[in-house]
Amino acid sequence: MSVKPKVEPTKSAKKLRTLETLRGFRDILPDEQAAWDKIDDVARKLTQAYGFGRIRLPALEATSVFERSIGKDTDIVEKEMFTFVDQGGVKMTLRPEGTASVARAYIEHGMLNQPQPVKLWYLEPFFRHERPQAGRYRQFWQLGLEAMGSDDSVLDAQIILMAYNFCKDLGVETIVQINSLGTAAIRKSYTSDLAKYFKGHAKKLNETDLKRLQRNPLRLLDSKEAGMEELKAGAPQLIEYLDDETKQHFMKVLEYLDEAEVPYTLNPFLVRGLDYYTKTVFELVSTNPIGENGSQLALGGGGRYDGLIPLLGGREATGAVGAALGIERILLAMKTANAMPDSRRVADVFFCQLGEAARRKGLKIFEKLRQSDLNVAEAFAKGNLKAQLEIADKMQASIAIILGQKEVLDGTIIIRDMEAGAQEIVDVEKVVGIVAKRLQDNKKKQKE
Ligand code: ATP
Ligand code: MG
């Protein structure tokens, strides 16, 4: 069956005709890579220390994977998913988040039979059809951490600690907002009381909140509509509905956080937008606001999702907890905190060539240098020595290697100390060893 897409000429479609990126999508250019590399490095080190294995997820999943786990009456499923029917008639969705896919993978690959908890991490782009603004895109990256197969509160605390330290290691200070949603049963009875309370005040609710009241009353606690602060303050509080077991679980999470010195505040209105959460939920907020007009956007969030794996077809009750951190927002916070790494390319050794014969011979010599452990750079597209030495200087190279017409004929090469300006002529066959030695000497001198 072939599907003929019916495309309305939306703003994005118009933009496509002018060959620009789609609204909410962007290129990440070379200048930005140093910061992204640092994100990678910090993520890898952190997850390794805590024993998380990396998972790379497919970009597309059957739509039902998200509908069933995130919940039909949530912002994501209701209006933010990029969903389409493929040529074979299968309904699929560009992943809006990672937890549902990780839970799907846990079941699909029989990870229930491995030692528990199974700890997985991912660093990948996700897709949501939202109104783009600072810190909000249609394609954005998340670092995800998921620990599945245990309901121990130490895992809730560790996931929060890791999320907190990920930001901290990148130079971003955060505060954790935390709440407990209880079990599914507790939430149900609380939600029904909450609905009763707001029904009593229905006249004060606007259209959006009336819809929430009908479809997902818990989300009223998320509401930022005018007058809601006051109404919310008088509403029943979830914490009073928690049973002893859940309360104990939550208290322990808080104790562990105290012990680990993670700063947190209790937020009784924090419910998070997804249906699958149980017990602990949290968000990380930067101590410097990063949103438009100083508004506060969360850098990340997460929680416990004990019901999700059974819901997706897992055999047993499987406790699980996870977090997702928004990379673009963390980068914004890094900028605000002046914590962006230097993106200029630096090299220890710079290779210069003069004349056609040197350029030809130089290609191979440069390969030899590159395959050694030296940090080398080049500018083969330039012919002029002065221009090449200027680039070497900019890259803070301490040694330049110069190959000219004469050296090609003699089988030699010039080694120039960039600081002293001294030059020596050496056998081209021995250049790698000699340069390595000179670099070591220079480093020793610098230390003295
Ligand atoms: P928000 O309330 O800001 O819409 P959310 O609750 O929908 O966030 P989560 O699903 O918890 O977000 O995703 C975790 C993190 O991913 C967020 O805290 C944020 O940093 C990041 N994130 C979510 N949506 C976007 C987006 N459209 N663009 C950039 N980052 C995003
Ligand atoms: Mg959202």
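1. Basis of the model. Because the model is predicted, local features are reported only at pLDDT of at least 70 and side-chain atom pairs only at pLDDT 80 or more, whereas totals for chains, interfaces and linings use all residues. Residues are numbered from 1 along each chain as its sequence is written, chains are lettered from A and ligands numbered from 1 in the order in which they are written, and side-chain values use heavy atoms, with hydrogens and water left out.

2. Domains. The assignment gives domain 1 (30-182 + 242-336) and domain 2 (349-443); such bounds come from an automatic or database domain assignment. The C-alpha centres of domain 1 and domain 2 are 49 Å apart.

3. Eight strands form an open sheet in the order 1-5-6-11-10-9-7-8, with mixed pairing. Its edge strands, strand 1 (53-54) and strand 8, each pair on one side only. Helices (H or I, at least four residues) and strands (E, at least two) are DSSP runs, numbered from the N terminus, and two strands pair if DSSP finds at least two bridges between them. Strands of a sheet pair through backbone hydrogen bonds, either parallel or antiparallel.

4. Strand 7 and its partners. Strand 7 (residues 174-180) is largely enclosed by the rest of the structure, because five of its seven residues are buried. Buried means under 20% relative accessible area, exposed over 50%, and partly exposed in between (1.4 Å probe, protein chains only). Strand 7 pairs with strand 9 (residues 278-286) in the antiparallel sense over seven bridges, and Q177 has E283 of strand 9 as its bridge partner. With strand 8 (residues 264-266), strand 7 pairs in the parallel sense over three bridges; there V176 is bridged to Y264.

5. Strands 6 and 11. These two strands pair in the antiparallel sense over seven bridges, and A147 stands opposite V321 in strand 11.

6. The ligand site. Of the 14 residues around ligand 1, those that come nearest are R128, E130, R136, Y137 and R272; a residue is near a molecule if one of its heavy atoms lies within 4 Å of it. Strand 6 (139-148), strand 10 (298-304) and strand 11 (320-326) each supply at least two residues of the shell, and strand 10 has the largest share, three residues.

7. Polar approaches to ligand 1. An oxygen atom of ligand 1 lies 2.7 Å from a side-chain N or O atom of R272. A polar side-chain atom of R128 is 2.8 Å from an oxygen atom of the ligand, while for G326 a backbone N or O atom lies 3.4 Å from a ligand oxygen atom. The protein covers 86% of the 580 Å² of accessible area that ligand 1 has on its own, areas being from the Shrake-Rupley method with a 1.4 Å probe; for residues, only the protein chains shown count as cover.

8. S69. This residue is found in helix 3 (residues 63-70) and is buried, with a relative accessible area of 1%. Leaving aside neighbours within four places in sequence, S69 is in contact (heavy atoms within 4.5 Å) with A100, D275, Y276, L308, L311 and L312.

9. E225. The loop between helix 8 (207-215) and helix 9 (228-234) holds E225, which counts as partly exposed at 29% relative accessibility. Beyond its neighbours within four places in sequence, E225 is in contact with N206, T208, D209 and R212. E225 and R56 are 169 residues apart in sequence and 39 Å apart in space, C-alpha to C-alpha.

Technical notes: A polar contact is a pair of N or O atoms within 3.5 Å; within protein, one must be able to donate a hydrogen and the other to accept it, and residues adjacent in sequence count only if both atoms are side-chain atoms.
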